[in-house]
Amino acid sequence: MRLLSSLAITGLSLGSAFAASWGFEDATLTVSSKGAGVGSAGVKEKLTPNSPLTSYAVTLPAADTLKIVLTATEGKTGKRPHQPFLTLHDTTTGLEESFPFSLKDSGKGKVEVTQKDLPYQLLTSKSPLKASLVLASFGSSTPYASHAFDLALELDSAAPPATPPASERYTSKPEIHHIFKAEPGSPPKVISFFFTLCVLATLPVLLGAWALLGANVDHFGKAFGAAPVSHGLFMGSVVAMEGVFFMYYISWNLFQMLPVAAVVGTVAYVSGSRALTEVQDRRLAGER
Amino acid sequence: MRLRLFGLALGLLGFVSALSAQGQNLLVVIEDESDKTKYSQFWSDLQDRGFQLSYRSPKDTTLSLFLHGEPAYSHLLLLPTKSKGFGPNLTPNLIVDFVNGGSNVLLASATSKKAIKNFFSVDGLVAFPHAVGQVLGNASPLLASVIKAPATAYTYNPKEDSTEGLEDVFATGAQLTLVSAFQARNSARFTVLGSSAALEDKWFDASVSLPGSTSGKTGQKTANKAFAHALSAWTFKELGVLRVNSVTHRLAEDTRAGITNSTAVSAAPGDVNPEIYRIKNRVHYAVSLSEYSGTHWIPFTPPAGDAVQLEFSMLSPFHRLDLTPSPDTTNPQDNATLYTAEFVLPDQHGIFNFFLEYRRPFYTNVEEKRTVSVRHFAHDEWPRSFVISAAFPWIGGIWVTVLGWLGFVGLWVYSKPGGARRELKVGGVGGKK
């Protein structure tokens with residue numbers, strides 16, 4: 001309730017021409033390292049309530065301390081506000097952090113900020129931080145909140161700030177596409193065809209060599225004349241067995257192929273023994 | 001049977017004005033009966049939306065959140081009490097059990113030691129008098145901030161002397177949350193509203209103005225009523241509730257074309273949700289999603305930049321794919337969006353899941369897992385050797401062997417010995433004689 005009542009009063013006082021407002025006097029900003037004396041401050045600037053220091057960004061090295069001394073005033077008199085803050089704001093991410101001044105009753109006081117006080121997100125900001133002064137309290141006075149200066153951070157390159165672990169959030173995750181193993185490949189077809197031709201060429205070479213050695217089929221008629229059924233079945237079953245293997249290769253499974261092979265094999269065994277008896281007869285007759 | 005159905009239909013008609021996707025029973029815990037009138041607009045808004053409100057005092061000894069071990073109410077609204085706690089019937093443990101049972105809680109607080117003070121703004125539209133800020137830890141994805149405090153807000157202890165300047169600030173600015181939402185893994189919702197006064201009639205009708213605005217403006221009516229409506233609607237599951245209407249997956253190719261003798265353990269192209277696939281099968285996945293919008297289900301569309309994702313996983317995801325939305329035309333009664341993907345299964349056999357996990361802040365969790373086996377290639381599903389050029393020399397070798405064997409058998413059986421060779425043999429034998 002206190003908030004809104006103060007708001008209401010603020011609204012009323014805005015209407016009237018006279019209204020006290022918060023501000024500050026005698027504000028100085030220094031950046032100094034710890035060991036250095038008072039006189040040897042690296043940066044020393046005067047801050048005024050109505051004109052922010054925008055000509056350059058104040059640099060805060062890793063070991064140094066940023067110190068602001070000021071006197072808070074309500075109207076013309078020095079007084080301590082309830083909310084005296086130095087607020088650092090990262091303009092790209094919108095993140096911010098406030099540091100309270102420690103003020104005396106007279107409104108005099110200071111705030112000190114080192115890089116250790118800053119959270120990781122502000123330390124690693126790409127652009128200079130926007131520093132504002134906020135002075136406000138209960139009552140009817142107009143509060144003060146204004147851009148005061150820009151703060152650039154010079155990180156210690158030897159000891160970079162520890163990266164906090166990323167916290168879990170429910171969002172969509174990056175897509176994953178499975179990486180497939182390479183498809184099985186073949187060597188160039190030219191090579192395959194060359195060796196295929198080499199292999200196929202061995203057959204004419206073999207047949208030619210046999211022919212040179214005097215191989216022939218002159219006893220074909222004689223054999224069929226003596227035992228036509230045996231020879232016909234035997235040669236037929238040898239060719240048929242190759243046919244069974246061929247069908248097995250093309251489409252048959254083992255259970256289709258085995259019975260047929262058994263039949264053909266039996267025929268080959270029975271007819272083969274008869275046919276070979278005829279061959280033996282020719283040998284005994286001295287014709288082989 | 002018909003009578004019973006009729007009765008059921010009547011019952012449904014009776015609840016037609018009810019809005020929550022979960023239930024209508026709302027327990028309001030309010031200490032002082034006379035305080036009830038302060039929130040009359042909020043109550044009537046809730047009642048208009050179909051909630052059945054029961055008002056109980058935390059001191060009521062018969063008050064129990066559970067009936068026969070189950071949550072007795074679908075929703076709970078806790079208003080602040082003057083004492084520190086809510087008493088033995090509403091201990092934190094009991095409320096946690098209540099949430100674990102799937103019920104939703106809206107906690108309006110005003111009795112915290114930390115109070116937010118803000119001199120500069122009332123967030124434009126919504127007034128949070130006497131707000132209590134919350135600081136959310138960074139670790140849990142279940143927590144979400146609904147309204148953040150303005151940049152110049154900070155916390156202080158009002159019991160300390162306010163004329164003292166403050167030295168130690170707990171949290172400032174947007175680090176503070178005025179309204180925060182928690183959604184448990186079972187999608188039960190727990191909302192903490194930093195200011196119970198924001199629900200009061202007084203602030204529903206109040207006019208506020210931003211400080212620093214031109215003095216001529218008298219102010220703007222607060223949006224508290226609309227905000228209270230939205231906040232209670234979300235908490236009590238009238239908003240952000242998702243429903244899965246159907247999940248289907250099927251083969252998107254005819255793998256058995258041209259194979260006369262394929263293995264029996266295989267998905268046919270027409271099968272819906274088969275239990276087994278083969279590696280490198282092209283499959284089609286579709287899930288139908290609806291969102292509850294207060295009174296009825298509407299097609300669900302994710303926020304811009306977000307996507308519903310499907311994982312095809314065995315321990316870890318092998319595929320994680322954004323699903324493509326399209327209107328669900330096959331089941332128009334569902335009023336849903338169909339999310340689809342077509343992809344090739346990985347070249348790894350095993351037990352896989354089609355895993356749809358959609359967890360987002362402010363939406364109920366969707367988790368749909370469909371387990372399938374993925375087998376490797378059967379022996380008769382590989383390419384035949386005669387289409388592999390590298391096999392040609394071997395196939396040629398087999399043919400050469402076959403023809404050479406037939407030729408050898410023919411020559412062995414039918415060959416007539418040549419005369420010259422015999423003479424050579426005879427001569428050799430004769431020489432020894």
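**Entry 1. Terms and ground rules**

I take a salt bridge to be a side-chain nitrogen of Lys or Arg within 4 Å of a carboxyl oxygen of Asp or Glu. By that rule I found the side chains of B:E368 and B:R370 joined in a salt bridge, at 3.0 Å from N to O.

I note that this is a predicted model, in which local features need pLDDT of at least 70, side-chain atom pairs count only at pLDDT 80 or more, and totals for chains, interfaces and linings use all residues. Residues are numbered from 1 along each chain as its sequence is written, chains are lettered from A and ligands numbered from 1 in the order in which they are written, and side-chain values use heavy atoms, with hydrogens and water left out.

I call a residue buried under 20% relative accessible area, exposed over 50%, and partly exposed in between (1.4 Å probe, protein chains only). On this scale B:E368 is buried at 19%, whereas B:R370 is partly exposed at 28%.

**Entry 2. Chain B as a whole**

I looked up the helices and strands, which are DSSP runs numbered from the N terminus (helices H or I, at least four residues; strands E, at least two). Chain B has seven helices and 23 strands. Of its 433 residues, 47% are buried.

I then turned to contacts, meaning heavy atoms within 4.5 Å. Among the contacts in chain B with a separation of 6 or more, 74% are between residues 24 or more positions apart.

**Entry 3. Strand pairing around β23(B)**

I count two strands as paired if DSSP finds at least two bridges between them. Strand β22 (residues 350–358) of chain B pairs with β23(B) in the antiparallel sense over nine bridges; B:Y358 has B:V366 as its bridge partner in β23(B). Strand β15 (residues 276–278) of chain B runs parallel to β23 (residues 366–375) of chain B, and three bridges join them. There, B:R278 has B:R375 as its bridge partner.

In the loop between β22 and β23 of chain B I found B:F362. This residue has a positive phi of about 75° although it is not a glycine, and it is partly exposed at 32% relative accessibility.

**Entry 4. Helix α2 of chain B**

Which residues of helix α2 (residues 40–48) of chain B are buried? I list B:Q41, B:F42, B:W43, B:D45 and B:L46. The elements that cover them include β1 (25–29), β2 (52–56), β5 (75–78), α4 and α5 (224–235) of chain B. B:D45 also belongs to a network of salt bridges with B:R49 and B:E238. Just after α2(B), B:G50 takes a positive phi of about 100°.

**Entry 5. Strand β18 of chain B**

I found B:S313 in strand β18 of chain B, buried with a relative accessible area of 8%. Leaving aside neighbours within four places in sequence, its contacts are B:F318, B:I351, B:F352, B:N353 and B:F355. I also recorded a salt bridge between the side chains of B:E311 and B:R320, at 2.9 Å from N to O. Both ends are buried: B:E311 at 12% relative accessibility and B:R320 at 10%.

**Entry 6. The interface of chains A and B**

I found 85 residues of chain B in contact with 79 residues of chain A. The area buried between the chains (accessible area, 1.4 Å probe, lost on putting the two parts together and summed over both) is about 7200 Å², of which carbon and sulfur atoms give 60%.

How many salt bridges cross the interface of chain B and chain A? The rule finds one, and it joins the side chains of B:K280 and A:E183 at 3.1 Å from N to O. On the side of chain B that touches chain A, β9 (154–156), α4 (201–205), β18 (309–314), β19 (316–322) and α6 (392–414) of chain B each supply at least two residues. The largest share, 20 residues, comes from α6(B).

**Entry 7. A:H231 in chain A**

Lastly I looked up A:H231, which lies in helix α5 (residues 228–250) of chain A and is buried, with a relative accessible area of 0%. Not counting residues up to four places away in sequence, A:H231 touches residues of both chains, including A:E278, A:R282, B:V413 and B:Y414. A:E278 and A:R282 form a salt bridge, with their closest N and O atoms 3.0 Å apart, and both are buried. They are separated by about one helical turn because they are four residues apart in helix α6 (residues 254–284) of chain A.
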